[in-house]
Amino acid sequence: MNLRRSDFVPFFEPQGVAVVGSLREPRGEALTVLRNMQRFGFTGQVYPINPSQSEVLGLKVYSKLKDVTEPVDLAMLITPPNAVAGLLEQCAGKGTRAVIVGTEGFAERGEVGGSLQRQLVEVARGRGLRLLGPNTVGLVNTSNGLVTVPYMIGYKTIKKGGIAYASQSGFVGAQGQPLEDRAYPISKMCDFGNKCDINEADLLDYLVHDVETKVIVLHLESVSEGRRFVHALTEAVASKPVLIFKTGRTLDGARASSSHTGSLASTSRVFDVLFKQTGAIRLDTWQEYWEVPKIFALQALPKGNRLGVVTATGGVGVAVVDVAVEHGLSIAPLSDRSLSKLTSLGIHVNRNPVDLGPAMVVNEDPLRLTEEAIRVVLADSNVDLVHVVLPGGVERWATATVKMFEGLKSDMAKPLSVYVYGTRVSIIEAVARQLDSVDVPAYLDMDTSVKALAAMARYAEILSWTEPIRAQAGIQ
């Protein structure tokens, strides 16, 4: 079934949510969903469903879904597999059309589970229901506090922002990632699970119109409806950057995918064609999956691919150049005016990268020197993007480093990323997170920080050849 955007609204934007399953301590999964909804401040109504209890966490418990007198937009089912089909009938009778099946034990467990999963699909299609899952932790919507994860989460906040993360693995759920500490700016999250009904094409159709989402990030093991997915992906890329991390690229990885979600992974060669045809941007690692997208959420696109590099260490500057060129960036020739200004600051360079190391050693205020050098490179008309390599692992510099970039923001009309290095992990992590909080994307890995800029330049180029698609779709 093709999903209309209106069909997906109750999944991410429900006014009433029923949670069906165990409410007993210590491992009641439905009980944990309720706790997480309360912890993250869900703004709608929550209705626990269980015939064995009358009250839990200050909420009235209903024996059956039909006993709830108010409308229920979304149901979260975490019950034994053989009970799910009957509960779907109850959902249909109540008028609840959106259902998340968190239960495991379906197609990922072999033929018996596969038969049960096919039964779910048959009931859903016959009764006009839409299913997410089974075998899923469900959804997150930071705008309304919706968190359907049935596992304990050791923090209380997820930063609101413009990144939508989706995956075929619960590993990317709020229970599996330090989202509060990392403070990725997130709009939505979705775990597809086994994708018996709703899949990546459906989600793209929804997210492309979601005003809160600026960049879409997918982790895929397989694709359910190839032709439809290509169409949805092409239209999405014409409006927003779509970044994809494809696993199951090897034969053994594809076999592992089959045992994990019951799906058959598509070949790497097929995805090579897909990226080229649609303009989606490939991510190569889990680290890139999490870290690269934030630059799209925090900064505007560049006008070109010419990179300026400002570095406190010459050796890393050379490494930055290698990674940049390998990923489609060109090294900008600095103007004579810029070189003259740098010389007047005591920075004796005749090309890009700008190595600050020798001048920082003898300068009384090395951070002030760094700020002026960055300002010069940002202002150079030959430069479209800027990469900064900066020591941040010294406690006395940490606060001053963040303040320096706050002072630079008025001149930061071009994308800029920062690779922060140093001798204390706790300090460089704190500096990086503080820089992120003032919309300066910071990274603890040099390659990823450069690839983020390269991804931005690549998408800016892609937009230039998707203009006909945007015009036909009425996209500005």
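Leu57 is partly exposed, because its relative accessible area of 31% falls between the limits for buried, under 20%, and exposed, over 50%, as found with a 1.4 Å probe on protein chains only. Leu57 is found in the loop between strand S3 (55-56) and strand S4 (59-60), where helices (H or I, at least four residues) and strands (E, at least two) are DSSP runs numbered from the N terminus. This is a predicted model, in which local features need pLDDT of at least 70 and side-chain atom pairs count only at pLDDT 80 or more, while totals for chains, interfaces and linings use all residues. Residues are numbered from 1 along each chain as its sequence is written, and side-chain values use heavy atoms, with hydrogens and water left out.

Leu57, which is not a glycine, has a positive phi near 55°. Lys195 also has a positive phi, of about 55°, although it is not a glycine, and Lys195 lies in the loop between S11 and helix H6 (200-207). Is Lys195 buried or exposed? Lys195 is buried, because its relative accessible area is 8%. Pro26 has its place in the loop between strand S1 (16-21) and helix H2 (29-39), whereas Pro353 lies in the loop between helix H13 (336-344) and strand S17 (354-355).

The next topic is a sheet. Seven strands form an open sheet in the order S9-S8-S11-S10-S12-S13-S14, and the pairing is mixed; two strands pair if DSSP finds at least two bridges between them. Strand S9 (146-147) and strand S14 (281-283) stand at the edges, each with a single partner strand, so one side of each is left without a neighbour in the sheet. Some of the pairings are listed here.

| Strand pair | Sense | Bridges |
|---|---|---|
| S10 and S11 (186-191) | parallel | six bridges |
| S10 and S12 (215-220) | parallel | four bridges |
| S8 (139-141) and S9 | antiparallel | two bridges |

Within these pairs, Tyr165 has Met189 of S11 as its bridge partner, Ala164 has Ile216 of S12, and Val140 stands opposite Val147 in S9. Strand S10 (residues 160-167) is largely enclosed by the rest of the structure, because six of its eight residues are buried.

Helices are the last topic. The axes of helix H15 (residues 366-379) and helix H16 (residues 395-408) come within 10 Å and cross at roughly 25°, where axes are lines fitted to C-alpha atoms, for helices over the stretch in contact, and angles run from 0 to 180 degrees between N-to-C directions. H15 and H16 are therefore roughly parallel to each other, a term that covers angles under 35 degrees. The contact, meaning heavy atoms within 4.5 Å, is made by residues including Leu367 and Ile374 of H15 and Trp397 and Phe405 of H16. The residues of this contact divide into eight nonpolar, three polar and two charged, where Ala, Val, Leu, Ile, Met, Phe, Trp, Tyr, Cys and Pro count as nonpolar, Asp, Glu, Lys and Arg as charged, and the others, Gly among them, as polar.

Note on methods
Angles under 35 degrees count as roughly parallel, over 145 as roughly antiparallel, 65 to 115 as roughly perpendicular and the rest as oblique.
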